[in-house]
Amino acid sequence: MASLLHAFVCLLFVLVYGDERVDDTFYVKPGAGTLSVQYELKNYLCKFTYTAQGGTHEAWTISLEIMDGGNSVMCTVERSIPSYLFFQDFKLELTGPLVAITEVDVKDSQRDGKSLQKDEYKLEKNSISSIAGKFKNHLEKVAVYSPLSHSDL
């Protein structure tokens with residue numbers, strides 16, 4: 001009986017304070033103009049907008065996660081293997097109550113998992129985007145993180 005009660009308490013804790021995540025595979029379609037993909041979780045929206053060229057479509061993953069018991073949110077767009085596509089531009093937006101991006105992870109697909117140079121992108125309160133003329137067109141991952149408080153969930 002004690003183990004059943006413990007299991008119930010653990011389940012209740014996860015339901016009330018647990019982390020939540022949505023993720024899905026989408027296809028980056030080169031030559032199709034500017035496209036967007038987005039996901040919502042509770043009051044948060046993760047939106048990736050891009051223009052790409054070269055080759056055929058590639059499978060990418062988008063995820064939106066409420067973490068740390070509801071104290072932070074993270075939005076990630078990535079490819080599990082290096083991309084051969086030429087991105088003309090990109091923008092990743094994270095919106096919702098109290099969102100203010102404090103950390104980013106932006107990987108260059110042509111530099112063995114190294115980050116983009118800081119002059120290739122612009123970070124704003126709710127987004128990160130490529131800078132025309134500076135962005136070298138190679139992208140493998142872009143992720144943004146924002147701390148939150150319990151009062152906004």
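Analyst: **The strands and their links**

Of the contacts in the chain between residues at least 6 apart in sequence, 67% join residues at least 24 apart, where contact means heavy atoms within 4.5 Å. This is a predicted model, in which local features need pLDDT of at least 70 and side-chain atom pairs count only at pLDDT 80 or more, while totals for chains, interfaces and linings use all residues. Residues are numbered from 1 along each chain as its sequence is written, and side-chain values use heavy atoms, with hydrogens and water left out.

The chain contains one helix and ten strands, and from the N terminus on its elements run α-β-β-β-β-β-β-β-β-β-β. Helices (H or I, at least four residues) and strands (E, at least two) are DSSP runs, numbered from the N terminus. Of the 153 residues in the chain, 37% are buried; buried means under 20% relative accessible area, exposed means over 50%, and partly exposed lies in between (1.4 Å probe, protein chains only).

We begin with the open sheet. Five strands form it in the order β2-β3-β6-β9-β8, with antiparallel pairing. Two strands count as paired if DSSP finds at least two bridges between them. At the edges are β2 (35–41) and β8 (121–124), each of which pairs on one side only. On average, neighbouring strands of this sheet are turned by 10 degrees against each other, direction ignored; the axes are lines fitted to C-alpha atoms, for helices over the stretch in contact, and angles run from 0 to 180 degrees between N-to-C directions. Within the sheet, strand β3 (residues 44–53) and strand β6 (residues 86–95) pair in the antiparallel sense over nine bridges, and leucine 45 stands opposite threonine 95 in β6. Strands of a sheet pair through backbone hydrogen bonds, either parallel or antiparallel.

Because its relative accessibility is 40%, leucine 123 counts as partly exposed. Apart from neighbours within four places in sequence, leucine 123 is in contact with Ile101, Val104 and Ile128. From C-alpha to C-alpha, leucine 123 and valine 104 are 8.4 Å apart in space, although 19 residues separate them in sequence.

Strand β5 (residues 72–78) comes next. Five of its seven residues are buried, so β5 is mostly covered. Seven bridges pair β5 with strand β4 (residues 58–67) in the antiparallel sense, and serine 63 stands opposite threonine 76 in β5. The hairpin of β4 and β5 has four residues between the strands, and there aspartate 68 takes a positive phi near 55 degrees. Strand β5 is also joined by seven bridges to strand β10 (residues 141–147), again antiparallel; here methionine 74 stands opposite tyrosine 145 in β10.

A disulfide is taken as a pair of cysteine sulfur atoms within 2.5 Å, and the whole structure holds one. It joins cysteine 46 to cysteine 75, with 1.7 Å from S to S. Cysteine 46 lies in strand β3 and cysteine 75 in strand β5, 29 residues apart, and the pair thus links distant parts of the chain. The link is right-handed, with 40 degrees about the S-S bond, and both cysteine 46 and cysteine 75 are buried.

Finally, we turn to the aromatic rings. Rings of Phe, Tyr and Trp (its six-membered ring) pair if their centres lie within 6.5 Å; planes under 30 degrees apart count as stacked, over 60 as edge-to-face and the rest as tilted. By this rule there are five aromatic pairs. The rings of tryptophan 60 and phenylalanine 87 have centres 5.4 Å apart and planes at 70 degrees, so this pair is edge-to-face. Tryptophan 60 in strand β4 and phenylalanine 87 in strand β6 are 27 residues apart. Tryptophan 60 is buried because its relative accessible area is 1%, and phenylalanine 87 counts as buried at 0%. Phenylalanine 90 and phenylalanine 135 also form an edge-to-face pair, with 5.2 Å centre to centre and 70 degrees between the planes. Phenylalanine 90 lies in strand β6 and phenylalanine 135 in the loop between β9 (127–130) and β10, so the pair ties together parts 45 residues apart in sequence. Both phenylalanine 90 and phenylalanine 135 are buried. Ring pairs also link Phe26, Phe48, Tyr50, Trp60 and Phe87 into a cluster.
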